[in-house]
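Work through the exercises below with the sequence and the 3D view at hand. Each task is followed by a solution in steps.

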Amino acid sequence: MVPTMTTNGGYEPVFCTIVPPHVLDTLAQAEDPALAGKARRTLERDAFERTHRRLTTVIGAPTLAPPKGAAEDKPNRTIHDAKHKQDLPGKKVRGEGDKPGKDATVNRAYAGLGATFELFQKAYERNSINAEGLPLNATVHFGEDYNNAFWNGEQMVFGDGDGEIFLDFTIPVDVIGHELAHGVTQYTANLTYFGQPGALNEHFSDVFGALIKQYTLGQTAAEADWLIGAGLLAPRVTGTALRSMKAPGTAYDDDVLGKDPQPATMDDYVQTGRDNGGVHINSGIPNHAFYLAATALGGHAWERAGRIWYDVLTGGELGSKANFTDFATLTVARARASFGEGDELQAVTKAWEQVGVRTL
């Protein structure tokens, strides 16, 4: 199915953040007014950016095209510094090919954009986010104590965190990959950001975020930690990451943040109106299915399990309102079409069975 088009002829983008609203909602109610205040300011800014995203859908966002002479197998990165203000994009501080500077945040953002480009280019022959050499732009040091990172349909934006709950959002490369992968979804299946289609939207970003980290580290499925956002939580937080694909619901259990609410199977599917119908919550179910399939197959997860997932996302058959069963059915069909009746088909089929998602 062709992605929904906007009135100005572009793809329908969504505003996607790495820290779910339900986490910030909990943090905004903390007894410590300093923690609560920073979370509330982050929520307020996110609400502004979400509205801005909807407006640019109507009036049109600027067209980003690769520069003349740009190589198809090379990224075109630009990093800006907001200098703790909230005006985008900020001051340009590093362009493609520039040497690393003294700012570690700038260097991490630059490297993370490159790692994302490389995974999609080398593993899936995709030329940047839109397959047509889209420049990769990012802004760092956004706002004061801003507790999030997001893809706004045009560029990446990273906060520095408050230092109490969240650290610098450029630290985990999978956070960078996760957010940029929302752009890939935007330009392909364009999954509606609500309910099960929205959970699949988040799921794809977690999958490719994890694969980018594994590709960068040269890890096999067995060696990987399967955590999303490891290294992001400050030392005072009782937890290891934002999410766990290996064991959804176990990433954190903290007095301030609460407990990770992700289910691992359909038995614990969460019915909620919060978080766009639980897009960051119920994504734990397909996340766990991917982990099960990838580890059953072994080796590098981006080669077989990742290939199946990528082909379904970009193949044109995944509708924008697809549910878990629709997607699972397509992965089984793709596994059979690409690899025959072998281990790949068995691993994918069994993974969906284990998490309780039917295939047709």
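**Exercise 1**

In which helix is the place of Ala47? Then decide whether Ala47 is buried, partly exposed or exposed, and find how far its C-alpha atom is from that of Asp275.

Solution. The model is a predicted one.
- Step 1: Ala47 belongs to helix 2, which covers residues 33-59.
- Step 2: The relative accessibility of Ala47 is 36%. Buried means under 20% and exposed means over 50%, so Ala47 counts as partly exposed.
- Step 3: Ala47 and Asp275 are 228 residues apart along the chain, and 12 Å separates their C-alpha atoms.

**Exercise 2**

Describe the protein as a whole: how many helices and strands are there, and does the radius of gyration agree or disagree with that of a compact globule?

Solution. 
- Step 1: Counting the elements gives ten helices and ten strands.
- Step 2: For 360 residues, a compact globule would have a radius of gyration near 21 Å. The protein has 19 Å, which agrees.
- Step 3: Along the principal axes, the C-alpha atoms fill a box of roughly 55 × 55 × 40 Å.
- Step 4: Of the 360 residues, 57% are buried.
- Step 5: Among contacts with a separation of 6 or more, 63% are between residues 24 or more positions apart.
- Step 6: The accessible surface is about 14500 Å², and carbon and sulfur atoms hold 50% of that area.
- Step 7: There are 33 positive and 45 negative side chains, and the centres of these two sets lie 5 Å apart.

**Exercise 3**

Which residues does UniProt assign to the feature "domain: Peptidase M4", and which to "domain: Peptidase M4 C-terminal"? Give the helix and strand content of each range.

Solution. 
- Step 1: An unreviewed UniProt entry places "domain: Peptidase M4" at residues 79-186. Over this range the chain is 32% helix and 18% strand, with end C-alpha atoms 22 Å apart.
- Step 2: The annotation "domain: Peptidase M4 C-terminal", also from an unreviewed UniProt entry, covers residues 189-357. Here the chain is 47% helix and 5% strand, and the end C-alpha atoms are 20 Å apart.

**Exercise 4**

Which residues is Trp302 in contact with, leaving aside its neighbours within four places in sequence?

Solution. 
- Step 1: Locate Trp302 in the loop between helix 7 (284-297) and helix 8 (305-314).
- Step 2: Its relative accessibility is 10%, so Trp302 counts as buried.
- Step 3: With those neighbours left aside, Trp302 is in contact with Leu119, Ala123, Tyr124, Leu211, Gln214, Tyr215, Gln219 and Arg307.
- Step 4: Val207 is 95 residues from Trp302 in sequence, and the C-alpha atoms of the two are 9.3 Å apart.

**Exercise 5**

Where does Gln262 lie, and is Gln262 buried or exposed?

Solution. 
- Step 1: Gln262 lies in the loop that runs between strand 10 (258-259) and helix 6 (275-278).
- Step 2: Gln262 has a relative accessible area of 5% and is therefore buried.
- Step 3: Beyond its neighbours within four places in sequence, the contacts of Gln262 include Arg243, Ser244, Pro248, His280 and Asn287.
- Step 4: From Gln262 to Lys246 there are 16 residues in sequence and 11 Å in space, C-alpha to C-alpha.

**Exercise 6**

Solution. 
- Step 1: Most residues other than glycine have a negative phi, and most peptide bonds are trans.
- Step 2: Trp226 is in the loop between helix 5 (195-217) and strand 7 (227-228), and its relative accessible area of 1% makes it buried.
- Step 3: Asp275 is part of helix 6 and is buried at a relative accessible area of 8%.
- Step 4: Pro89 sits in the loop between strand 2 (77-81) and strand 3 (91-95).

**Exercise 7**

Solution. 
- Step 1: Find Val332 in helix 9, residues 324-339.
- Step 2: Val332 is buried, at a relative accessible area of 9%.
- Step 3: Apart from neighbours within four places in sequence, Val332 is in contact with Leu345, Val348, Thr349, Trp352 and Thr359.

Terms used: Residues are numbered from 1 along each chain as its sequence is written. This is a predicted model: local features need pLDDT of at least 70, side-chain atom pairs count only at pLDDT 80 or more; totals for chains, interfaces and linings use all residues. Side-chain values use heavy atoms; hydrogens and water are left out. Helices (H or I, at least four residues) and strands (E, at least two) are DSSP runs, numbered from the N terminus. The radius of gyration is taken over C-alpha atoms; the globule rule is 2.2 Å times the number of residues to the power 0.38. Buried means under 20% relative accessible area, exposed over 50%, partly exposed in between (1.4 Å probe, protein chains only). Contact means heavy atoms within 4.5 Å. Accessible areas come from the Shrake-Rupley method with a 1.4 Å probe; for residues, only the protein chains shown count as cover. Lys and Arg count as positive and Asp and Glu as negative; His and the chain ends are not counted. The place of a charge is taken as NZ of Lys, CZ of Arg, CG of Asp or CD of Glu. UniProt positions are given in the numbering used here, feature names are shortened, and annotations may be inferred rather than shown by experiment.
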